Amino acid sequence: MEQKRRGVRLVLFPCPLQGHINPMLQLASILHSKGFSITIVHTCFNSPNSSNYPDFTFIPIPDGVSDDKSVLSDGITFLSFFNVNCAVPLRDCLIRLLSDATNIVAEAVAEHIPCLISDSLMHFTQGVADSLKLPRLVLQTSSVVSSLAFAAFPVLRQKGYLPISDSQLETPLTELPPLKVKDLPVFHTHDVDIMCQFMESFVNQVKASSGIIVNTFHHLEQPALAAHGKEFPIPVFTIGPFHKVFPASSSSLLTQDRSCIAWLDTQAPKSVIYVSFGSLASMDKAEFVEMAWGLANCNSPFLWVVRSDLVHGSKRIEPFWPDGFLEMISGKGCIVKWAPQQEVLAHPAVGGFWTHNGWNSTLESICEGVPMLCRPCFGDQKVNARYVSHVWRVGLQLENKLERGEIERSIRRLMFEKEGEEMRERVSS
Ligand code: UDX
């Protein structure tokens with residue numbers, strides 16, 4: 001039984017994706033360390049491992065996913081599904097929690113629930129919280145600069161930049177410098193109207209909240225915060241990076257393969273390029289083959305995270321390795337299905353990170369002083385990559401079609417040439 005603490009219980013509701021569960025549970029751990037009691041209300045889909053958090057109370061709510069797995073096929077359909085299906089179960093759960101709190105107060109063991117903290121993408125939670133007269137704080141798991149791009153969608157649509165057309169890809173966006181049209185944080189979806197509606201709902205419900213907690217830090221995003229304050233005129237708390245206070249390993253949905261740490265121990269300082277595209281990004285088979293040969297041919301040893309669903313459309317558990325690839329990389333490459341990423345980035349042997357620029361990965365890399373090779377896939381990753389390469393200048397971006405020769409050259413620039421060294425100095429300072 002959890003010990004009673006300060007008499008204030010915070011209820012947190014994450015979006016059920018790895019890149020969102022990590023920061024929400026890190027935030028919960030930070031708040032718990034400040035004396036608050038913690039309840040995590042979560043979907044059954046991708047439910048966090050409660051045994052790693054013996055001090056928290058976990059409450060699963062039904063989400064309907066087991067009945068209809070097709071909703072997991074594209075990002076916007078996925079998010080919309082949870083925004084519709086979780087409304088009644090979350091409201092019922094909060095009513096129970098609030099009434100329990102009132103009963104306990106009556107017994108003079110006060111445990112007040114002052115607010116709900118929910119992920120910004122779970123925009124339905126504002127309506128639920130309003131209906132219960134419960135203030136809602138939003139956790140924004142992405143950068144400040146990407147939230148400005150999301151907020152600009154209606155204007156950009158009016159100006160004809162959305163849906164994105166091939167002829168406008170390189171057009172600079174004067175509204176959001178230094179972004180170009182191709183950097184807009186769009187999601188893979190068949191219906192641009194539905195995507196824009198989703199963005200509008202989520203931005204409006206952030207604006208309707210009582211405040212925003214952002215997993216970022218002032219020094220990094222200070223210039224964007226003034227514009228952010230105008231767009232979102234509510235209190236903003238930039239209290240990140242969370243992972244420096246509590247690591248993400250306890251909230252990992254997949255088992256982290258620690259054998260790669262022993263392999264890193266055998267490598268020279270700053271010699272290894274770590275390659276990982278987070279938990280969701282995927283590629284087609286042709287890109288995967290180019291990536292494999294680019295890594296095999298480059299002069300750096302590499303540690304590559306190859307998830308079983310990294311190649312889209314493939315149902316194979318083991319990837320389709322090109323002929324001769326595994327023989328060629330023997331001794332210079334280490335491949336795992338999921339790594340202890342924070343530990344990897346902090347390892348002295350790691351000198352570069354080829355990343356999709358999910359915001360957690362980007363922050364983790366910056367905090368460990370590791371320069372990046374950027375290959376964003378969708379959403380906020382595109383904005384993050386442009387800022388990493390052109391504003392913070394701690395990485396370079398692979399912008400063209402993936403091709404083994406260019407991969408090899410880019411890794412060389414990052415790992416061995418002066419520009420890579422300068423990025424390493426900037427990111428370490
Ligand atoms: C998603 C979105 O893609 C991202 O753009 C958004 O900002 C957050 O949600 P994801 O794609 O999974 O997240 O990427 P990222 O934000 O980088 O989060 C991945 C997390 O998984 C990181 O905390 C990372 O440390 C962890 N990880 C990744 C592992 O523990 N092991 C791995 O092998 C790879």
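Which residues line the second largest pocket? Select Phe217, His219, Leu220, Ile366, Cys367, Val391, Trp392, Val394, Arg426, Val427 and Ser429, and you have that lining on screen.

Before we go on, a word about what you are looking at. This is a predicted model, in which local features need pLDDT of at least 70 and side-chain atom pairs count only at pLDDT 80 or more, while totals for chains, interfaces and linings use all residues. Residues are numbered from 1 along each chain as its sequence is written, and side-chain values use heavy atoms, with hydrogens and water left out.

**Stop 1: the second largest pocket**

Keep that selection. A pocket here is an open set of points on a 1 Å grid over the protein atoms alone, with protein on both sides within 12 Å along at least five of seven lines; a lining residue has an atom within 4 Å of a point. The space in the second largest pocket is about 270 Å³, where a volume is the space filled by probe spheres set on points joined across faces, edges and corners. Now colour α8 (218-231), α13 (359-367) and α16 (418-428), the elements that each give two or more residues to this lining. Such helices (H or I, at least four residues) and strands (E, at least two) are DSSP runs, numbered from the N terminus.

Colour the lining by residue type and you will find eight nonpolar, two polar and one charged. In this scheme Ala, Val, Leu, Ile, Met, Phe, Trp, Tyr, Cys and Pro are nonpolar, Asp, Glu, Lys and Arg are charged, and the others, Gly among them, are polar. The pocket lies between domain 1 (2-249) and domain 2 (254-428), because both give residues to its lining. The domain bounds come from an automatic or database domain assignment.

**Stop 2: the ligand**

Next, select the ligand. It is surrounded by 21 residues, of which the closest are Ser279, Ala339, Ser361, Glu364 and Asp380; a residue is near if one of its heavy atoms lies within 4 Å.

- Glu364: a polar side-chain atom lies 2.7 Å from a ligand oxygen.
- Trp359: a polar backbone atom is 3.1 Å from a ligand oxygen.
- Gln341: a side-chain N or O atom is 3.4 Å from a ligand oxygen.

Taken alone the ligand exposes 660 Å², and the protein buries 98% of that, with areas from the Shrake-Rupley method and a 1.4 Å probe. Elements giving two or more residues to the shell are α1 (18-33), β8 (272-276), α13 and α14 (380-391). The shell divides into five nonpolar, 14 polar and two charged residues. Both domain 1 and domain 2 give residues to this shell, so the ligand lies between them.

**Stop 3**

Rolling a probe the size of a water molecule over the atoms shows where empty space is left. A cavity is a set of grid points where a 1.4 Å probe fits but cannot get out, and there are two cavities of 30 Å³ or more.

**Stop 4: backbone details in the loops**

Zoom to Leu162 and Pro163, joined by a cis peptide bond with omega about -5 degrees. Pro163 sits in the loop between α6 (153-158) and α7 (192-207). Finish at Lys270, a residue other than glycine with a positive phi, near 55 degrees, in the loop between α9 and β8.

Terms used
Polar contact = N/O pair within 3.5 Å; in protein donor to acceptor, adjacent residues only side chain to side chain.
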